[in-house]
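Please look at the sequence and the structure below before reading on. The paragraphs after them go through two topics in turn.

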Amino acid sequence: MPGTGARVTIVGMPEAAAVPLVEPRPPRKLYRSSDGRWLGGVARGLAGHLGLPVVWVRLVFAGLFMADGLGALLYAAFWFFVPLGVGGVGDQKPPALVGTETAPDGRRRLVARKPDKGQIVALLLMVVVAMVFVGNVNLGSGAKAYLLPAVLVGAGVALVWRQADNARRARWVEVGRRRRTLTLLRAGAGVLLVTAGVSGIFVLQGSAAHLGSVLQAALAVLVGITLLAGPYLVRMTQDLSEERLMRIRAQERAEVAAHVHDSVLHTLTLIQRNAENAGEVRRLARAQERDLRTWLYRPEGTGKEEADEPTTVADAVRRNAAEVEDKHGVPIEVVVVGDCPLDEGVGAQMQAAREAMVNAAKYGGEGGAVQVYAEVEGRTVFVSVRDRGPGFDLDSIPADRMGVRESIIGRMERHGGTARLRAVPGGGTEVELEMERAEKTS
Amino acid sequence: MSDPTETTGTNGTGGAAEAAGPTKAPGGGTGGRHVRVVLVDDHRMFRTGVQAEIGQTEQTGVEVVGEAADVDQAVTVITATRPEVVLLDVHLPGGGGVEVLRRCAPLMSDAEQPVRFLALSVSDAAEDVIGVIRGGARGYVTKTITGTDLVDSIFRVQEGDAVFSPRLAGFVLDAFASTDAPPVDEDLDRLTQREREVLRLIARGYAYKEIAKQLFISVKTVESHVSAVLRKLQLSNRHELTRWATARRLV
């Protein structure tokens, strides 16, 4: 059933040379679903895998249950052997599943969380089937008494196993720490149920009289095993966690090494080639420094893959400054205080700021670094771009030069902001841009 | 890497200069200013570079009396030479600049001749900056600073003022702006309107002199504002700063 990749026969080629249209996708693996499951997520996982509605799978299990409890056995086997996947959270499942073949229904429900009507129907059916099963199965009066303890044991086991699943899931999805007491409670309840069930069986076997001594003996054995194997177990877990730590460290180091190798060595080579071109060397060094800085100091440590378009003020200002710096070879120092998402007006402000940076780099660059300061305070976004060049007087610029008037002042005013140009006391020019953020953002 | 014996008292005149002490040395074009400095940095190349740039005592008034490459050396050299200003790198073998500050704390509060620290680092990450400032450094400048600016900063620190780079001012503004909750202690946790204004101008790249002109106040007033900010930063309550740091995933 899997691997029915569409085949294309290319005209003029022998049939045998037909190539699969789709890249041979990774073999679809069966996972149990952790989303919206009742017990082990087997039915959900199967439904997702086969592309069937969940209810059907559940019904089949329920039906099989009638056949001397085969369904339950099957379910348990699946639960035991199939690893848990994160339904709809991670992309453990092949994305190719969406929209393929029969029913997208099962898939969609896989992602959805809330219980649907099908679930309730299936649950009711399961209860009914279980009752019928219990009523009809010819167990003999003696064996019938074992049913309750068996159910108890089953419930306890299910509880504990689900617990283990949750612990595994917690590695992918951060689960709040508050749940810990709940976790312990559940584990405790599970153990209690199993103990009760097992004791019940003992009692039924007529060995109630010996129960005390049996429990004692069991306890003694348990204690003995713990004493003997305990240290090894502790040691093993410690070794394991240590090893994991080392592996993570090694991975991180490898990542850093790869990055340094890629970009720094590349830049150094370029610098060697351009040694006599001072401007180019400076530009390369600066670009590299900036790159390394973002990479090292970025909070998440994942500065490599950035979105194409900046979405916040801080992002936009830094990006613009970097681009202008690269293009004009003038160092631009950026200080950003606060942050907020971009909206239309602020976006225009960023454009104007970029224009101001270009001007500062072009005409005021020889005086030293251009200083850019952006601040988000309450509703106001303020950007100042300042150079230490010869300074400049707006009135003395011919009317046909539209750079400042249109791109900076005009643009700001059209979007309801203000722009001011002024001479700095120590020499140079400063452009101040101020804009109110749009209403809807928080 | 050099050994301590080599690094202690590089130019040998340390003792003599100390004897000359606060009596302003008759220097060249420095207006009679004189300051004794210890360089702490684990890169020898960098120490040599700084020494070459600011070490001409006749022109700059700065006398480098010692160098150190790690925390232990630094403490030894600083205790032995008792400089007025220490140029301190943030990342050092043996615990970093913060460790040096911790172990030199008694020297900093010395009433007779306090040792003052100016952090000089290539890193401008927020946790480094805030860390050494809270450790007691009187200022923070990045290594991209020019020689003249550095000399200027050294003298400023010697006189007891704080030196903020634009980026540091940005961090401080950020730290204080993001806490909108009513502060426990108004005096310590809030920056006044004026201090904020001064910080903003620093963040915009203004020199102290320019700020004074802009706000129609004297340079001394600017300096006292900046010192007040520094004091608040060192004393501002732990809770707030921790929250700030966690929000940025610094801790």
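This is a predicted model: local features need pLDDT of at least 70, side-chain atom pairs count only at pLDDT 80 or more; totals for chains, interfaces and linings use all residues.

Start where chain A meets chain B. The contact draws on 23 residues from chain A and 21 residues from chain B. About 1,800 Å² of area is buried between chain A and chain B, and carbon and sulfur atoms give 44% of that area.

Polar and charged groups also take part. Between chain A and chain B there are 12 residue pairs in polar contact, counting pairs with both residues at pLDDT 80 or more. Seven salt bridges are counted between chain A and chain B. An example of a salt bridge is given by the side chains of Arg388(A) and Glu210(B), with 3.0 Å from N to O. On the side of chain A that touches chain B, at least two residues each come from α10 (278-297), β5 (332-337), β6 (370-377), β7 (380-386) and β9 (429-436) of chain A.

Now turn to the patch. A nonpolar patch on the surface is formed by Phe80(A), Phe81(A), Val157(A), Val160(A), Trp161(A) and Val191(A). Together, these residues have about 590 Å² of accessible area. Of the elements, α7(A) gives the most, with three residues.

Phe81(A) lies in helix α3 of chain A. Is Phe81(A) buried or exposed? Residues over 50% relative accessible area count as exposed. Phe81(A) has 65% relative accessibility, so Phe81(A) counts as exposed.

Definitions and conventions
Residues are numbered from 1 along each chain as its sequence is written. Chains are lettered from A and ligands numbered from 1 in the order in which they are written. Side-chain values use heavy atoms; hydrogens and water are left out. Patches are made of residues with over 30% relative accessible area and no salt bridge: like charges are joined within 9 Å, nonpolar side chains (Val, Leu, Ile, Met, Phe, Trp, Tyr) within 5 Å. Accessible areas come from the Shrake-Rupley method with a 1.4 Å probe; for residues, only the protein chains shown count as cover. A salt bridge is a side-chain nitrogen of Lys or Arg within 4 Å of a carboxyl oxygen of Asp or Glu. Helices (H or I, at least four residues) and strands (E, at least two) are DSSP runs, numbered from the N terminus. Buried means under 20% relative accessible area, exposed over 50%, partly exposed in between (1.4 Å probe, protein chains only). Contact means heavy atoms within 4.5 Å. Buried area is the accessible area (1.4 Å probe) that two parts lose on being put together, summed over both. A polar contact is a pair of N or O atoms within 3.5 Å; within protein, one must be able to donate a hydrogen and the other to accept it, and residues adjacent in sequence count only if both atoms are side-chain atoms.
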